[in-house]
Amino acid sequence: MNRSFLRFTAVVFAVLLSASAVSAKGFRFSDNGKFKIMQVTDTHIRAVSNPDFSKESTDMLNRVLDAEKPDLVIFTGDVVTEKPYRKGLDFILEPVISRKIPWVVLFGNHDEEQDLSRKEMSDLIESYPYHAGKMKKLKNVTGYGNFVLEIKGHDGNKTQALIYCMDSRAYSDRKPVIDGYAWFAHDQVVWYRKTSEKYTSKNNNVPLPALAFFHIPLPEYNEVTRKDRKVVGDKQENNCPPDVNSGMFLSMVEKGDVMGTFVGHDHVNDYIFNYCGIALAYGRFSGSKTTYNSPKDGAAIKNGARIIELTEGQRGFHTWIRLDASSNVIHDVHFPEDFPAPEKK
């Protein structure tokens with residue numbers, strides 16, 4: 001058996017014996033009023049056939065985790081793309097678990113193509129230490145991994161911000177009439193609306209600042225092509241949203257809590273822009289040569305991770321992409337200050 005795999009597995013189970021459930025403790029802003037999230041996306045781990053290239057992802061994670069020291073790590077899909085799924089999960093989670101950092105794994109379109117179903121993957125994910133999500137399928141809601149994380153104030157009392165995590169599913173279940181990728185089901189939109197309304201009601205009818213994370217971009221990401229948009233970051237391939245717009249973005253606009261959505265899926269896009277008061281953002285490709293990582297006929301991009309920092313009591317966030325442990329930081333912006341709405345004509 002591979003020695004690296006044995007070492008990763010030993011770390012996982014050693015921590016399992018000593019760790020209590022992070023989700024039971026909850027999250028809070030630090031004493032200086034900050035909460036930092038690290039988004040990791042599209043690692044496409046192949047721990048059996050390609051451990052050397054896969055190690056490029058864990059090497060990057062180790063460097064960025066040490067540099068940023070996030071409060072939460074969110075993996076936004078296409079995490080493991082080779083069976084056995086568990087071995088790949090052990091491989092990619094070791095840097096996070098060994099540092100005792102809370103984490104969440106969301107599903108992409110490739111994760112369930114291995115040896116486990118979405119339900120089996122969900123059960124496995126929940127067995128690991130420092131997992132902060134809720135992967136169980138909700139009653140009458142499509143998918144696995146639709147949940148909300150609360151961030152309380154630095155005193156640990158009142159909820160001050162929310163993180164929506166959602167299952168953007170995989171491929172259309174209406175072929176051949178509708179091809180392409182899946183869309184948020186109607187019941188998921190209803191779940192978001194009801195959840196948002198519940199928190200707003202508890203907050204004296206004022207929407208809480210919120211972020212949303214999932215894998216496949218919304219159709220509204222295509223609005224980036226309008227010339228009146230300020231865009232920070234790179235668009236080096238066509239967006240691949242679903243062909244059907246089921247209204248999730250419109251619901252977010254109407255409910256007024258979500259400040260930004262963060263996705264993966266399209267490996268060489270890492271841009272962010274303002275559309276209708278919501279930041280539509282990609283993470284930074286965190287994988288390696290286990291999958292495509294370059295524009296057509298172009299050089300491979302350097303992997304990294306997106307960092308999002310919230311400030312207690314403020315409606316907005318600071319975000320940047322870190323490529324290494326050094327000062328190699330790109331696309332450093334504040335939302336909404338750096339993204340004025342297009343002028344009316």
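How many salt bridges does the structure hold? The structure holds 18 of them, a salt bridge being a side-chain nitrogen of Lys or Arg within 4 Å of a carboxyl oxygen of Asp or Glu. Before we look at some of them, a word on the model.

This is a predicted model, in which local features need pLDDT of at least 70 and side-chain atom pairs count only at pLDDT 80 or more, while totals for chains, interfaces and linings use all residues. Residues are numbered from 1 along each chain as its sequence is written, and side-chain values use heavy atoms, with hydrogens and water left out.

**Salt bridges**

| Pair | N to O distance |
|---|---|
| Arg-99 and Asp-66 | 2.9 Å |
| Lys-119 and Asp-123 | 2.9 Å |
| Lys-136 and Asp-123 | 3.0 Å |

Arg-99 and Asp-66 form a salt bridge. This pair ties together distant parts of the chain, with Arg-99 in the loop between α4 and β4 (103–106) and Asp-66 in helix α3 (residues 51–68), 33 residues apart. (Helices, H or I with at least four residues, and strands, E with at least two, are DSSP runs numbered from the N terminus.) Arg-99 is partly exposed at a relative accessible area of 27%, and Asp-66 is partly exposed at 43%. Here buried means under 20% relative accessible area, exposed over 50%, and partly exposed in between, using a 1.4 Å probe and protein chains only.

Asp-123 takes part in two of the tabulated bridges, with Lys-119 and with Lys-136. Lys-136 sits in the loop between α5 and β5 (147–152), whereas Asp-123 belongs to helix α5, 13 residues away; that pair links distant parts of the chain. Lys-119 and Asp-123 are 4 residues apart in helix α5 (residues 118–126), so about one helical turn separates them. An α-helix has 3.6 residues a turn, so residues three or four places apart point the same way. Lys-119 is partly exposed at 45% relative accessibility, and Asp-123 is partly exposed at 30%. Together with Glu-126, the residues Lys-119, Asp-123 and Lys-136 are linked in a network of salt bridges.

Helix α4 (residues 85–97) has 13 residues, which should span 18 Å at 1.5 Å a residue; its end C-alpha atoms lie 17 Å apart, in agreement. The expected span is 1.5 Å times one less than the number of residues. Look for a kink of about 30° at Phe-91, shortly before Pro-95; the bend is the angle between axes fitted to the seven residues ending there and the seven starting there. Of the 13 residues in α4, 12 are buried, including Tyr-85, Phe-91 and Pro-95.

The axes of α3 and α4 come within 9 Å and cross at roughly 15°, which makes the two helices roughly parallel (angles under 35 degrees).

**Backbone details**

The loop between β2 (34–40) and α3 holds Val-48, along with Asp-42 and His-44. Although not a glycine, Asp-42 has a positive phi of about 55°; His-44, also not a glycine, has a positive phi of about 50°. Asp-42 is buried, with a relative accessible area of 1%, and His-44 is buried at 4%. Val-48, by contrast, is partly exposed at 44% relative accessibility.

One joins Lys-175 and Pro-176, with omega about 5°, and Pro-176 lies in the loop between β6 (159–165) and α6 (186–202). Another runs from Phe-335 to Pro-336, with omega near 10°, and Pro-336 is in the segment after β14 (329–335).

Conventions:
Axes are lines fitted to C-alpha atoms, for helices over the stretch in contact, and angles run from 0 to 180 degrees between N-to-C directions. Angles under 35 degrees count as roughly parallel, over 145 as roughly antiparallel, 65 to 115 as roughly perpendicular and the rest as oblique.
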